[in-house]
Amino acid sequence: MKTMTPAFVPVRATSGAGALPRLWSGRAWTFFGAAALVLFVVVPVCNLAVPAGSAFHVSDYTVTLVGKIMCYAIVALAMDLIWGYTGILSLGHGLFFALGGYAMGMYLMRSIGHEGVYQSDLPDFMVFLDWKAYPWYWSFTEHFWYSALLVVLVPGLLAFVFGFFAFRSRIKGVYFSIITQALTYAFMLLFFRNNTGFGGNNGFTDFKRILGFPIAAPQTRIALFALTGAALIGFLFLGRAIVASKLGRVLTAIRDAETRVMFSGYDPVYFKLFVWTLSAVICGIAGALYVPQVGIINPSEMSPANSIEIAIWTAVGGRGTLIGPVIGAVAVNLGKSWFTQALPEYWLYVLGLLFILVTLYLPRGIAGLWLSRPS
């Protein structure tokens, strides 16, 4: 098997530009320990125990914003597994994110009970559209465990079926990217229709509780925030375990020379199908964590533009590094949060310029600045 290109070195390299173990050195463990301390101790204490007038108080808005960005970081990490390590560029990952969000949203809508505007057993949008009963695919969604199962199964099964036929047909490169973009656009148009039973263009909103706890309560927000942080750290460790294993070596070999992998006796279809399905499931879980924190899910989350943004986060942070896409998602979305308030009409120009500058001058992203330093 040929030597990896300089931009993507073998995961067991211990020195040189891009050597992955630098991310998991003693300093990396210190970083993760500090991040865990902030996520699980500092932020909860500063939000719940510190008075609102104090300089050390963390507002509910900040908790929600950071929780949302961590969900985006999980999606960027999922993108890195398929694009950075396997060479599969998806422009439809927003679909899997939204499907996970809708699966959780169905449970949250059922939990509203009679507290809606129409005080009916059905959600307000169904009453408004003169629905008489829940459609069959809403069955059992009043149970949290069932909706949690849907969060994993719906994106996973869709990705598996789509990937099976696409990879067996040897669709790759720009053709695969275009097909994934068409897939997410088709689903967006489907969910925009009122007769699909998913709220049309308004989607799901006005949630009241989750697992019996008021969803707007500060304690609930902090619990969701901490759970999202734990999920992000957990998926980072899972990604590291995959890319540092023999499976990860095969995935990077498929990215760099798929034909040689086939001649070596491996069938790339099943390796690509595994990581593609896993990536979709991770996106679905991120969507399920996103919805109760943000309080809404609608078809706009499936827009092709959102999926393109996911690719931009990964490229800006540095694909093929695991931690880079997380950094990219945080940096870009913090910038977006500021620009859309201060200079909303210029945000898309800034985003496009950022992507061009990173492509020209930082081809390995922000993480490349760190990884290129001598050991």
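Contact here means heavy atoms within 4.5 Å. The views below are taken from a predicted model.

**View 1. Surroundings of Phe-204 in the predicted model.** Leaving aside residues up to four places away in sequence, Phe-204 touches the aromatic residues Tyr-102, Phe-125, Trp-138 and Phe-198. Phe-204 also touches Met-106, Met-109, Ile-296 and Ile-297, together with Gly-105, Gly-199 and Gly-295.

**View 2. The largest nonpolar core.** This core comprises 95 residues. Phe-204 and Trp-138 are among the residues with the most contacts inside it, as are Ile-74, Leu-108, Trp-276 and Met-302. Helix α2 gives the most to this core, contributing 14 residues.

**View 3. Packing of helix α2 (residues 60-84) with helix α11 (residues 323-342).** The two axes lie 8 Å apart and form an angle of about 135 degrees, which makes α2 oblique to α11. The crossing of α2 with α11 is right-handed. From α2, the contact involves Tyr-61, Leu-65, Ile-69, Tyr-72, Ala-73, Ala-76, Leu-77 and Asp-80. These meet Pro-325, Val-326, Ala-329, Val-330, Asn-333, Leu-334, Ser-337 and Gln-341 of α11. Classified by residue type, this contact has 12 nonpolar, 3 polar and 1 charged residues.

**View 4. Crossing of helix α5 (residues 144-168) and helix α6 (residues 173-192).** The axes of α5 and α6 come within 12 Å and cross at roughly 145 degrees, in a right-handed sense. Leu-158, Phe-162, Ala-166 and Phe-167 of α5 meet Phe-176, Ile-179, Thr-180, Leu-183 and Phe-187 of α6. The contact of α5 with α6 has 8 nonpolar residues, 1 polar residue and no charged residues.

Notes: Residues are numbered from 1 along each chain as its sequence is written. This is a predicted model: local features need pLDDT of at least 70, side-chain atom pairs count only at pLDDT 80 or more; totals for chains, interfaces and linings use all residues. Side-chain values use heavy atoms; hydrogens and water are left out. Axes are lines fitted to C-alpha atoms, for helices over the stretch in contact, and angles run from 0 to 180 degrees between N-to-C directions. Helices (H or I, at least four residues) and strands (E, at least two) are DSSP runs, numbered from the N terminus. A crossing is left-handed if the near helix is turned anticlockwise from the far one by less than a right angle, and right-handed if clockwise. Ala, Val, Leu, Ile, Met, Phe, Trp, Tyr, Cys and Pro count as nonpolar, Asp, Glu, Lys and Arg as charged, and the others, Gly among them, as polar. Angles under 35 degrees count as roughly parallel, over 145 as roughly antiparallel, 65 to 115 as roughly perpendicular and the rest as oblique. A nonpolar core is a set of buried Ala, Val, Leu, Ile, Met, Phe, Trp, Tyr and Cys residues joined through side-chain atoms within 4.5 Å. Buried means under 20% relative accessible area, exposed over 50%, partly exposed in between (1.4 Å probe, protein chains only).
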